[in-house]
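Reader: I am new to protein models. Can you show me how to read one, feature by feature?
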Amino acid sequence: VQLQATGGGVVQAGGSLRLSCAASGRTLTRYHMGWFRQAPGMEREFVSAISKTGGSTYYGDSVKGRFTISRDNAKNTVYLQMNSLKPEDTAVYYCVADALRLGPDQLYDYWGQGTQVTVSS
């Protein structure tokens with residue numbers, strides 16, 4: 001499956017952005033989906049994950065209560081709604097997919113190219 005993440009940009013602290021991840025090549029229902037991020041000089045960090053049906057969701061501690069993951073399998077797209085953004089949310093955000101893996105483990109099989117999110121103070 002190929003993953004294309006879009007929706008990044010520059011936003012002021014306290015603002016919102018919605019990232020989208022469009023999948024092609026395989027039906028999205030085959031995969032658990034997720035988001036990771038990596039800031040310059042920092043290790044890659046788990047952001048969120050969602051099960052194949054959308055019935056289960058997981059969040060990293062730093063984004064709980066501010067970010068919401070969702071999916072529209074009919075559109076083969078996963079979303080990450082990011083509210084109350086902080087400068088420390090600045091990073092490249094990567095969409096991921098795996099037929100079996102779900103959660104903060106970084107060993108997902110498929111990774112998108114990333115989209116830059118910059119939050120100014």
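Author: Start with a pair of residues in strands. T68 stands opposite Q81 in β8. Keep in mind that this model is predicted.

Reader: In which sense do β7 and β8 pair, and over how many bridges?

Author: First the general idea. Strands of a sheet pair through backbone hydrogen bonds, either parallel or antiparallel. Here β7 and β8 pair in the antiparallel sense, over six bridges.

Reader: Which strands form the open sheet, and in what order?

Author: Four strands form it, in the order β1-β3-β8-β7. The pairing is antiparallel. β1, residues 2-6, and β7 stand at the edges. Each has a single partner strand, so one side of each is left without a neighbour in the sheet. Neighbouring strands of this sheet are turned by 15 degrees against each other on average, with direction ignored.

Reader: Now β4. How many of its residues are buried?

Author: Six of the seven residues in β4 (32-38) are buried, and the strand is mostly covered. β4 also pairs with β9, where seven bridges join the two strands and they run antiparallel. One case to find on screen is H32, whose bridge partner in β9 is D98.

Reader: How does β4 pair with β5?

Author: In the antiparallel sense, over five bridges. Strand β5 covers residues 45-50. F36 has F46 as its bridge partner in β5. The hairpin of β4 and β5 has six residues between the strands. In that hairpin, G41 takes a positive phi near 75 degrees.

Reader: Next, disulfides. Which residues does the disulfide join?

Author: To read a disulfide, look for two cysteine sulfur atoms within 2.5 Å. The count here comes to one. The disulfide joins C21 to C95, with an S to S distance of 2.0 Å. This pair links distant parts of the chain: C21 is in strand β3 (residues 17-24), C95 is in strand β9, and they are 74 residues apart.

Reader: Are C21 and C95 buried or exposed?

Author: Both C21 and C95 are buried.

Reader: Why is the disulfide of C21 and C95 called left-handed?

Author: Read the torsion about the S-S bond. For C21 and C95 it is about -85 degrees, so the disulfide is left-handed.

Reader: How many salt bridges does a search of the whole structure find?

Author: Six. To read one, look for a side-chain nitrogen of Lys or Arg within 4 Å of a carboxyl oxygen of Asp or Glu. Take D89 and R66, whose side chains meet in a salt bridge at 2.7 Å, N to O. They link distant parts of the chain, 23 residues apart. D89 is in the loop between β8 (77-82) and β9 (91-98). R66 is in the loop between β6 (57-59) and β7 (67-72). Both D89 and R66 are buried.

Reader: Which residue does R101 meet in a salt bridge at 3.9 Å?

Author: That is D98. R101 also forms a salt bridge with D105, where the closest N and O atoms are 3.1 Å apart. Salt bridges that share partners also join R37, E45, R66 and D89 into one network.

Reader: Why does D98 count as buried, and why does R101 count as partly exposed?

Author: Use the cut-off. Buried means under 20% relative accessible area, and exposed means over 50%. D98 is at 4%, so it counts as buried. R101 is at 29%, so it counts as partly exposed. D105 is at 33%, so it too counts as partly exposed.

How values were computed. Residues numbered from 1 in each chain as written. Predicted model: local features only at pLDDT ≥ 70, side-chain atom pairs only at ≥ 80, totals over all residues. Heavy atoms only, no water. Buried < 20%, exposed > 50% of the residue type's maximum accessible area, 1.4 Å probe, protein only. Pairing = 2+ DSSP bridges. Axes fitted to C-alpha atoms, helices over the stretch in contact; angles between N-to-C directions.
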